Amino acid sequence: MDEGLSKQSPRYVEIDVSEWRLSGEEKMGTKPKRWLMEPDTEAHWLMKDAREFNTAKDGSRYRVGYDWAERIACGVAGVLGLPAAEVELCVARKGEEYVYGTICRSVCERNTEELVHGDELLAEQGVSVARDRRSYTLEAIHRALEDCGPPTNALPHLSTWEVFVGYLVLDALIGNTDRHAANWTVVRSESGRFLAPTFDHASSLGFQLSDSERLERTSTKDHNRTPEAFADRAKTKFACKPHPIDAVAEARMLDGEDAAAHWLDQPHRIDDLVAPIRAIPEHRMSTPARGFAERVMRRNWARLTASDAR
C-alpha cells in the first residue's frame, strides 16, 4: 500500500501542516511556495498552495488542479518504480480558513548537498537555453548527464540515462508538458553528482480545465474534442515541442542499449497505473476530473506500449 494512503479507505491522507515551522521561502518558479520543517523528523518540505483560479467560458471561476495532479504523478511514479520526490496532500490553517496544497519533501540534505538545475548543468556544456530555446534538446541533456551518477535510490542495474528516460515515460503517461530545464536537477555532494529524483509534475492530466469542459469533452461525438484528442495534442518544452511520447522515442535512440525497455516492458497493468487517480479524496478532485484524467492516461499508455511506438 502507498504510504500516503489511509488505512481506513483507499484515499490519500491530508496532512495538517498548520503547526509546522517556516524554514524559508522558495524563490524559484512563478507561484508562491515556502519551506516547512516537519516537527518530528526536522525534514524540509516545500509547500505549494492550491489557490490559483481560472475563468470558465461562462465567466465562473474554478480552482485548477495543481494539487491533485502532483499527488497522482507521485503515485504513478511509485507504481513504475521511479525515483521521485515524496509528495503529500496537505492543509494549513490561515486565520479563520484552511488552505489546500501539497508538500514535497526535499530531494537533498541541506547541510551536505546542493541542487544543480538542468539549465546550469547545460550551461557548463556551453548550452544556454535562456538565449536559445532551440538548444534545449534531449541530445544536449544526454551529454550533460554523462558524468553524473543515477539517483542513489535507483535500481543498481539502471544507468543515469535509463532513469532519466523513465522520467520521460512518466511525463508521457500523465501528459506532463512542463519538463523545462529547471524541472530536473542533479544533486551535488562530496562524493560526486547524481541525478535527483523526478519532481514537479503538476502540469498534467488536464489539471487546468473546468469541469464543464471536461464533461463536454467526455460526452462529445466530435473526435477532435475527446480526452484522447486532448492527450494527443500535448507538447513538451524540448526543442521543436515534440509530444511526450515522441520525446521518449527520441531519447531511446540516444543510448546504445534500449533505455526505455525497463519501464515499458514491466508487467504493469493500466488499472494499477490509474489507481492513484481514484485515491484522491473526493473534496479535492471532482468526478469529471477523475474521468477525464483516467481517459488521458489510458490513451497515453496505449500509445506508449503500441508496437508501432516501440
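Predicted model: local features only at pLDDT ≥ 70, side-chain atom pairs only at ≥ 80, totals over all residues.

User: How many residues of H4 are buried?

Analyst: Helices are DSSP runs of H or I with at least four residues, numbered from the N terminus, and H4 covers residues 160-174. Buried means under 20% relative accessible area, with a 1.4 Å probe and protein chains only. H4 is largely enclosed by the rest of the structure, because the buried residues number 15 of the 15.

User: How far apart are the end C-alpha atoms of helix H4?

Analyst: The expected span is 1.5 Å times one less than the number of residues, so the 15 residues of H4 should span 21 Å. The value found in the model agrees with this, the end C-alpha atoms being apart by 22 Å.

User: Which residue has its backbone oxygen 3.0 Å from a polar atom of the side chain of Arg 214?

Analyst: Arg 214 sits in helix H5, residues 211-219, and counts as buried at 4% relative accessibility. The backbone oxygen lying 3.0 Å from a polar atom of its side chain belongs to Leu 209.

User: What is the relative accessible area of His 117?

Analyst: His 117 belongs to strand S9, residues 114-117, a strand being a DSSP run of E with at least two residues. A polar atom of the His 117 side chain lies 3.3 Å from the backbone oxygen of Ala 182. His 117 is buried, and its relative accessible area is 13%.

How values were computed: Residues numbered from 1 in each chain as written. Heavy atoms only, no water. Buried < 20%, exposed > 50% of the residue type's maximum accessible area, 1.4 Å probe, protein only. Polar contact = N/O pair within 3.5 Å; in protein donor to acceptor, adjacent residues only side chain to side chain.
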